[in-house]
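Please look at the model below before reading on. The points that follow are meant to be checked against it one by one.

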Amino acid sequence: MTSTDVHPQLREAWAKAPKLPYHKLERLPTMRRASAAMGKTSPVEGVSVRNVQTDETAVRVYTPGKPGGAAVLWMHGGGLLLGTPEQDDAVCSALARDLEAVVVSVRYRFAPEHPFPAAHDDCWSAWQWMQTQASAHGFDPGRVALAGTSAGGGLAATLAQRLRDEAEAQSAAVLLRWPMLDDRTAVNPAVEDTAHVVWNNRSNRAAWGAYLGQAAGAETVSPYAVAARHEDLHGLPPTWIGVGTLDLFHDEAVAYARRLALAEVPTSIEVVRGAFHDFTTLAPQAEISKACLGQQRAFLRRYLSAT
């Protein structure tokens, strides 16, 4: 991968993209502190933000000035190893404002200290809390979407699967931003030598191993640990998937979208040519980023609108 492969609007951000050694798990405490200090963004005006400790987990709640009755359960990225809801303050508060929706971001636990099912169960608990607290927070429990970025996208996808399988109330829609869906990518030699920025396959392999408690690509994994391993995708909510052509997760995201479509799930996929992992965060002012964010808002607006 060279700069000529990158979309012209993203080349400056690509050159400055962080190159942290996520695969060195012994350095995670330092990287977590640095990520928490440097990754904070500012909420937009007109949206209140507060932290809530539920009985089972912790969440960060973004409430617009005029709630319209919808909500989004948000799961941040960080490779299942690190990250905070605060890193998405800008995007979550903007969603709350633009959609007039309450946005709830999960403060889930991390591997390797807390392997699967810890993060997944935290997201499940946040969903249950939203269902019981909907009236108090001004939204309809039937108008809640699941959304996630990177590792959070994988958590959103597996949560949707579990809700369907356990005959729970379904989410209105699922939004997956460059999602981490398949541990088998970590052992795919075809992508091993590609110099992916932000998140490469060495980090991917370490993260999946830490989360699963076993080597990535093993013959079997626990149910709901890896979204792409679920054999049956029928009956899942309408799903939007976005990914760049230069993203390590490109192939697994496209494959998951195809499987959803074959299972007759209303599916939209946005493949952004010349875009790398998490490009909208690293180049938020680029027109290509704004267009992708606009597609995400339009998708959520469509399925969260009152009918």
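1. Basis. This is a predicted model, in which local features need pLDDT of at least 70 and side-chain atom pairs count only at pLDDT 80 or more, while totals for chains, interfaces and linings use all residues. Residues are numbered from 1 along each chain as its sequence is written, and side-chain values use heavy atoms, with hydrogens and water left out.

2. Strand S6. Helices (H or I, at least four residues) and strands (E, at least two) are DSSP runs, numbered from the N terminus. Strand S6 covers residues 173-177, and five of its five residues are buried. Buried means under 20% relative accessible area, exposed over 50%, and partly exposed in between, with a 1.4 Å probe and protein chains only. In a regular strand the side chains alternate between the two faces of the sheet. In S6 both faces are covered: Ala173, Leu175 and Arg177 are buried on one side, and Val174 and Leu176 on the other.

3. Pairing of S6. Two strands pair if DSSP finds at least two bridges between them. S6 runs parallel to strand S5 (residues 139-149), and five bridges join the two. In this pairing Leu146 stands opposite Val174 of S6. From S5 the chain passes through helix H5 (residues 151-165) to reach S6, in a right-handed β-α-β crossover. Right-handed here means that, with the strands pointing away from the viewer, the path from the first strand over the helix to the second runs clockwise. S6 is also parallel to strand S7 (residues 239-244), to which four bridges join it. There, Arg177 stands opposite Gly242 of S7. S6, helix H6 (residues 201-212) and S7 likewise form a right-handed β-α-β unit.

4. Helices H4 and H5. Two packed helices are described by the angle between their axes and the distance between the axes. Helix H4 (residues 118-137) packs with H5 at an angle of about 60°, and the axes are 10 Å apart. Axes are lines fitted to C-alpha atoms, for helices over the stretch in contact, and angles run from 0 to 180 degrees between N-to-C directions. The crossing of H4 and H5 is right-handed; a crossing is called so if the near helix is turned clockwise from the far one by less than a right angle, and left-handed if anticlockwise. Contact means heavy atoms within 4.5 Å. From H4, Ala119, His120, Asp121, Cys123, Trp124 and Trp127 meet Leu155, Thr158, Leu159, Arg162 and Leu163 of H5. Sorted by class, this contact has seven nonpolar, two polar and two charged residues. Ala, Val, Leu, Ile, Met, Phe, Trp, Tyr, Cys and Pro count as nonpolar, Asp, Glu, Lys and Arg as charged, and the others, Gly among them, as polar.

5. Helix H3. Which residues of H3 are buried? They are Asp89, Cys92, Ser93, Ala94, Leu95, Ala96 and Leu99. These pack against strands S1 (47-53), S2 (58-64), S3 and S4 (101-106), and against helix H9 (287-304). Just after H3, Glu100 has a positive phi of about 50°.

6. Backbone geometry. Most residues other than glycine have a negative phi, and most peptide bonds are trans. Ser150, not a glycine, has a positive phi of about 55°; it lies in the loop between S5 and H5 and counts as buried because its relative accessibility is 6%. Asp278 has a positive phi of about 60° and is found in the loop between strand S8 (267-272) and helix H8 (279-282). A cis peptide bond joins Ala111 and Pro112, with omega about 0°, and another joins Phe116 and Pro117, with omega about 15°.

7. Where does His76 lie? His76 is in the loop between strand S3 (69-75) and helix H3 (89-99). His76 counts as buried because its relative accessibility is 1%. Not counting residues up to four places away in sequence, His76 touches several residues, including Gly83, Asp88, Tyr108, Phe110 and Thr149. Gly83 lies in the loop between S3 and H3 and is buried, with a relative accessible area of 13%. Leaving aside neighbours within four places in sequence, Gly83 is in contact with Ser35, His76, Gly77 and Phe110. Gly83 and Arg109 are 26 residues apart in sequence and 9.8 Å apart in space, C-alpha to C-alpha.
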